[in-house]
Amino acid sequence: MASEGRTYLETVGRWKVLDSNLEPQIESMPHLASRRVDLQKMIAEGETLETRQAALKAELQEVNRRRRELIKTGEDLRNRIGAILKAEHGFTSKRLLEFGLKPKRFRGRAKPQDGEPTPPPETTQPATK
């Protein structure tokens, strides 16, 4: 039933139905004429706002698309500049931190110094029941 909808468009639609069905009755109920004019103003404003919202929604989508494009282009440029800085200063240089870049870290175990015995590899015992 049309009178049960709660969305904006359904509400304005109910106003339109009321207005169009009220038109033939105005001559027999002149006291409703001023209220009908108010209703018609609200319908017109509602339609204007709906049109404006659609335009703003389209503009927002365009702004978001442009932002994504800007991020992609900006990150590509940052990566290119970062590669040049790494080539200039070295991949492990602490100077890279000045530019917001992380120097390369070496991972793995520290190599034993001369004269230190190498620790035996850890062995795991099989689980017994």
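A salt bridge is a side-chain nitrogen of Lys or Arg within 4 Å of a carboxyl oxygen of Asp or Glu. Keep that in mind for this tour of a predicted model, in which local features need pLDDT of at least 70, side-chain atom pairs count only at pLDDT 80 or more, and totals for chains, interfaces and linings use all residues. Residues are numbered from 1 along each chain as its sequence is written, and side-chain values use heavy atoms, with hydrogens and water left out.

**The whole chain**

Start with a cartoon view. The protein chain has two helices and zero strands; helices (H or I, at least four residues) and strands (E, at least two) are DSSP runs, numbered from the N terminus. Of its 129 residues, 12% are buried. Buried means under 20% relative accessible area, exposed over 50%, and partly exposed in between (1.4 Å probe, protein chains only).

**Helix 2**

Show the side chains of Arg-65 and Glu-69: they meet in a salt bridge (2.9 Å, N to O). These two residues of helix 2 are four residues apart, about one turn of the helix. With Glu-62 included, Arg-65, Arg-66 and Glu-69 are linked in a network of salt bridges. Side chains of opposite charge can pair when their charged atoms come close.

Further along, select Asp-76 and Arg-80, another salt bridge, at 3.0 Å between the closest N and O atoms. Arg-80 is exposed, at 53% relative accessible area, while Asp-76 is partly exposed, at 38%.

**Back to helix 1**

Finally, select Asp-19 in helix 1. Is Asp-19 buried or exposed? At 14% relative accessibility, Asp-19 counts as buried. Among the residues that Asp-19 touches, not counting those up to four places away in sequence, are Leu-39 and Ile-43; contact means heavy atoms within 4.5 Å. Both Leu-39 and Ile-43 are buried in helix 2, and what covers the buried residues of helix 2 includes helix 1.
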